[in-house]
Amino acid sequence: MRRIVVVGGASPLGRRVVERMRSLAWVESVRGVETRLPGSPRANASSPRARRGRTERKAEESVAIEIDVVPFVPDPRPLGEYLAKERIDTVVQCALVPDRSGLGAHAHEADVIATMCLGAAIGQTGSLVRSWVLASSSAVYPLGSHAALIHDEFQAIARDEGTVAASIAEAEDYARESAHRLPHVDVAILRLQQLAGRAVRGPLAALLARDPVPSPLGFDPAIQLLHLEDAADALIHAAHQELAGIYNVASAGIVHWSEALRAMERRALPLLPLGIGPFEPLLARLGLPVLPAELVDLLRFGHAIDTRKLERAGWRPRYDQRSCLEALDAPGSGSPGT
Amino acid sequence: MNEAIDRWGRAPLDPYRDGFFAKACRSWFRVEWEGLEHLPREGGALLVSNHAGMMPIDGGVIQYGIESRAQRLVYLLAHHGFFRVPFVGRMMNRTGTVVAHPDNAHRLLREDGHLVLVFPEGAKGPVKPPSERYRLQRFGRGGFVETALRAGVPIVPIVLMGTEDTTPTLEVLELAGQRYPLTLNTLLFGPILGALAHFPAKIRVRVLPAVGFDEPAEQPGYSRSLLMDRAEAIRGDMQAALDEMLAARKSRWLG
């Protein structure tokens, strides 16, 4: 029997992991943890002591999920005490996904600093944690005309300064450092492909859900989505098996942009894939169709990952690319992103 | 989902080569093949060929020839820069050309078991001076041998004669640090039409016996001397076959 916390438990993915885990026989207890309540202003990081140990519970509209608010950035001690008090043995971290575009400087805080503090909390005396599953992102792989189409876990990762990819890569570094420093903790880093689900959309899925779909003129990239249920499956599998190491996660298959549009019966709105940078938010605000700057390279050259390593460890995707696309059209999929 | 386009972006029916290009191969260049029996009937193999001409057609000649005669798909590897150009990259993907990346080549050869064509000379082939006509340039750094070893597939050398006479190079020009071949076609027909118009030289293609390896596949690395050694041996065999074909040729137009 395992006692589990899901950090980022209020995110669509975190919530789904908690929901699914509650019905599993090997789970004794599962709770969600957030540094602050969703929708509330950011927790005042300068006075963590005032809130230390204090927990708040909030019943969400759809399914009641218990979320404990534990401000652990930048001082990890409240979380360390929380983990010890609740006798937690497994931490699943879902705070890095799904959509961190537009976060700007906050991405660094959410990814790098939070992962660093989480690692510190797990390493505190009294912590019983022996398994840490980090939901990372396939965005760490290089993207561009010179890159391979399909990436496996052994590939060198992109570290262009200031990018979301570099921020995630740095967060992974802290998880790996913890794995090295705490040999009794199995650290699994799951690199998730772009999410698609009823309540959650990564940037790519958000673009595909529009009609007409802004499309790259003169390009037909190979893309890959990850169904929310497959993502939750993989995280639960990694926690259950106490996996260690890096694993890619995507739903089965690869689909090309033109095929995706045909399958969804969407019209394409061809746009020059230029990456107009600073003007993009302005144009988007004016209601003009744009290709999001962070997707331009993906929409020109395509990107996919090889998931066979996790399949060898016993996980199987239950959805293929077509069912990911269907999930975007499902009723109730109105709210994009987190 | 993927019944229409495979994961490399290739469409099953290829309108570009079943139409005009196929006719050009038959009637304009009168392509003749020998040694097709050296091609493996199944499983991956790395095809290597000599590369020359202003707008190289050699890849298309080999791809169309093997696909129509041996009923096996041939994928081409090309410099990634082509794939940055809108429409061009997409058309190349559709017709079975993939970015030349070692990982792409490995998956095509080992996972998909396809025939994959590379030009180890790279850009040095098309931009060589006229004095180097039908002389094979350095075969890169032997990377193609490493690709074949890693994938555990044989190398099949293919020699083309005639392609260098379809666009004869007169001089190599240097503009802003880049080298460009000035061809007779460009001089006569201008830069755009000259890049497309090819003289009707007779093209002969010879497939040489496959070169197999004893080294185990999927090793993290292979000895550099082994790679360069094998690369040079293959280049030597290809140059010898090309010299033999040139000696037997009576006319560059009639073969």
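This is a predicted model: local features need pLDDT of at least 70, side-chain atom pairs count only at pLDDT 80 or more; totals for chains, interfaces and linings use all residues.

Reader: Where does Glu242(A) lie, and what is its phi?

Author: Glu242(A) sits in the loop that runs between H7 and strand S12 (245-249) of chain A. Its phi is positive, about 50°, although Glu242(A) is not a glycine.

Reader: Does the neighbour count make Phe87(B) buried or exposed?

Author: A residue with 12 or fewer such neighbours is called exposed. Phe87(B) has 11 C-beta neighbours inside 10 Å, so Phe87(B) counts as exposed.

Reader: And where does Gly140(B) lie?

Author: In the loop between strand S5 (115-118) and helix H6 (143-151) of chain B. Gly140(B) has 16 other C-beta atoms within 10 Å, so Gly140(B) is partly exposed. Setting aside neighbours within four places in sequence, Gly140(B) is in contact with Pro120(B) and Gly122(B). If you want a sense of distance, Gly140(B) and Ala70(B) are 70 residues apart in sequence and 29 Å apart in space, C-alpha to C-alpha.

Reader: Let's do peptide bonds. Which bonds to Pro74(A) and Pro212(A) are cis?

Author: Check omega. The bond from Val73(A) to Pro74(A) is cis, with omega near 0°, and Pro74(A) is in the loop between strand S3 (67-69) and H3 of chain A. The bond from Asp211(A) to Pro212(A) is cis too, with omega near 0°. You'll find Pro212(A) in the loop between helix H6 (203-208) and strand S9 (213-216) of chain A.

Reader: Now helices. How should I read which residues of a helix are buried?

Author: In helix H3 (residues 77-85) of chain A, the buried residues are Pro78(A), Leu79(A), Gly80(A), Tyr82(A) and Leu83(A). Helix H1 (residues 12-22) of chain A is mostly covered, with eight of its eleven residues buried. Among them are Pro12(A), Val17(A), Val18(A) and Met21(A).

Reader: What covers the buried residues of H1(A)?

Author: The cover includes strand S1 (2-7), strand S2 (27-34), strand S5 (131-137) and helix H7 (228-241) of chain A. Take H7(A): its axis and that of H1(A) come within 9 Å and cross at roughly 60°. That angle makes H1(A) oblique to H7(A). The crossing is right-handed. On the H1(A) side, the contact includes Leu13(A), Arg16(A) and Val17(A), while H7(A) contributes residues including Leu228(A), Ala231(A) and Leu235(A). The contact residues divide into nine nonpolar, no polar and two charged.

Reader: How do H8(A) and H12(A) pack?

Author: They pack at an angle of about 50°, their axes 10 Å apart. H8(A) and H12(A) are therefore oblique to each other, and H8(A) passes H12(A) in a right-handed crossing. Ala260(A), Ala263(A) and Met264(A) of H8(A) meet Arg322(A), Leu325(A) and Asp329(A) of H12(A). The residues of this contact are four nonpolar, no polar and two charged.

Reader: How many residues of chain A are in contact with chain B?

Author: 20 residues of chain A are in contact with 19 residues of chain B. Strand S13 (255-256), helix H8 (257-264) and helix H12 (321-329) of chain A each supply at least two residues of the chain A side. That side comprises ten nonpolar, six polar and four charged residues.

Reader: Last one, the core. Which residues have the most contacts inside the largest nonpolar core?

Author: The general idea is that in soluble globular proteins, nonpolar side chains tend to be buried together. Here the largest nonpolar core has 158 residues, and those with the most contacts inside it are Leu190(A), Leu235(A), Leu46(B), Leu47(B) and Val116(B). Leaving aside neighbours within four places in sequence, the contacts of Leu47(B) include Ile62(B), Val74(B), Val116(B) and Ile158(B).

Conventions:
Residues are numbered from 1 along each chain as its sequence is written. Chains are lettered from A and ligands numbered from 1 in the order in which they are written. A nonpolar core is a set of buried Ala, Val, Leu, Ile, Met, Phe, Trp, Tyr and Cys residues joined through C-beta atoms within 7 Å. A residue is buried if 20 or more other C-beta atoms lie within 10 Å of its own, exposed if 12 or fewer, and partly exposed in between; C-beta atoms are placed from the backbone. Two residues are in contact if their C-beta atoms, placed from the backbone, lie within 7 Å. Helices (H or I, at least four residues) and strands (E, at least two) are DSSP runs, numbered from the N terminus. Ala, Val, Leu, Ile, Met, Phe, Trp, Tyr, Cys and Pro count as nonpolar, Asp, Glu, Lys and Arg as charged, and the others, Gly among them, as polar. Axes are lines fitted to C-alpha atoms, for helices over the stretch in contact, and angles run from 0 to 180 degrees between N-to-C directions. Angles under 35 degrees count as roughly parallel, over 145 as roughly antiparallel, 65 to 115 as roughly perpendicular and the rest as oblique. A crossing is left-handed if the near helix is turned anticlockwise from the far one by less than a right angle, and right-handed if clockwise.
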